[in-house]
Amino acid sequence: MQAAGIWYGLLASTKGNWRERRVQLGTEKPRPLDNFVPKLELNKSGLHFQKFERAILGLIQASAVLSEETNLQSLPSDDSSSTDVLLPRVMEVDMKGLEYSPQAYIRFADAVGAGAVAGHIKVVNQGLTLENNHRRATVQGCLKMPDLDDSDSDSESSGVDLAGLRVVSAWIRHYSWPVADFSSFRFQNISGAQLGAALSTLTSVTALRICNLPVEREWWVSLGSTLALSPWLKEIRFNFNDIGNEGLASLAPSFAVMTSLEILHLRAISGHSMFGEPGARILAPALMRLTTLKELNLAMNGVGNEGLAMLRDGPIRALTSLTKLSVGRNMIDDEGKEAIREMLKDRCEELDINSSDDSENS
């Protein structure tokens, strides 16, 4: 923000004579300030975003501050005429032809996000990185930004950090998207508790999808401490994660308060250990409270005969709204399969209890 402060001082002090001010912003020689405002055309100005990122973002941030403080009202010029002029500020940023890394994109989006959402700054020619994600989000009602995740890099700086999480959260809030999909993200220094806290501010989100996340079990234990802050969730998909019974014990109380939950997918969450009867004992009390649950997926967890019997005679029997159940590939013998098939034959539309994998996608 130091660069923003410098630019703020320059822009706010110029008032009516700002067109006479000359600045050097990554160019060979000083140029009039009005070459950069109100439309900042980075490519045409010869500005390399990566090289002069600090100055560029400082100018954008200062312009957003000016817009907020002046409330877009014009100020009198220095001459005696009655013509008013707006304080010099960037009103439009042209990103045409620019290339930037995932982390640079995060910083750019964080800088212009507040101004763009408030309507003070318009971003044009955003390029594939921004445009494709926003188009997909608009169509699907889901913000998923894989371009923030540099999956091919082994660098410790790759992945989504707290700044990136703020960007994602800001767009979800602004557009009121109902789905938040963090599947396959690489979080950098973001704990499960921090993600859960961020989620609690996204009241439009009713579906949370976190599948195939490369984190340790402690991350899921941490998520359990704040996930309960979003009791309005209707869908949770945590498939293909190494959650284990430790993580499940932390998450289960959060599930229990989600009295509107309709879809719960916990497919292949046991990692290298077996879910078994202990896992069933952990999950059963929470499931008993989910009276609106329609879909339950516990496939590929090694539930076993004892675990299935506990779930069958407890929550599965009690959940009369359940229409889809998947418990396939769980080391269940024929007797156990037949028992649950007989129980659900008149009320379950889809039942998977096969030993072979079904065709469902995560």
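Contact here means heavy atoms within 4.5 Å. With that in hand, take Leu264: leaving out residues up to four places away in sequence, its contacts are Ile236, Phe255, Leu287, Leu290, Leu293, Glu295, Leu296 and Asn297.

A word on the numbers. This is a predicted model, where local features need pLDDT of at least 70, side-chain atom pairs count only at pLDDT 80 or more, and totals for chains, interfaces and linings use all residues. Residues are numbered from 1 along each chain as its sequence is written, and side-chain values use heavy atoms, with hydrogens and water left out.

Now for the rings. Phe, Tyr and Trp rings (the six-membered one for Trp) pair if their centres lie within 6.5 Å; planes under 30 degrees apart count as stacked, over 60 as edge-to-face and the rest as tilted. Searching the whole structure turns up seven aromatic pairs. Here are two of them:

| Pair | Type | Centre to centre | Between the planes |
|---|---|---|---|
| Phe182 and Phe185 | edge-to-face | 5.6 Å | 85° |
| Trp220 and Phe238 | tilted | 5.2 Å | 55° |

Trp220 sits in helix α7 (residues 217-224) and Phe238 in the loop between β11 (235-237) and α8 (244-256), so their pair ties together parts 18 residues apart in sequence. Helices (H or I, at least four residues) and strands (E, at least two) are DSSP runs, numbered from the N terminus.

Phe182 and Phe185 are both buried, as are Trp220 and Phe238. Buried means under 20% relative accessible area, exposed over 50%, partly exposed in between (1.4 Å probe, protein chains only). One aromatic cluster takes in Phe182, Phe185, Phe187, Trp219, Trp220, Phe238 and Phe255.
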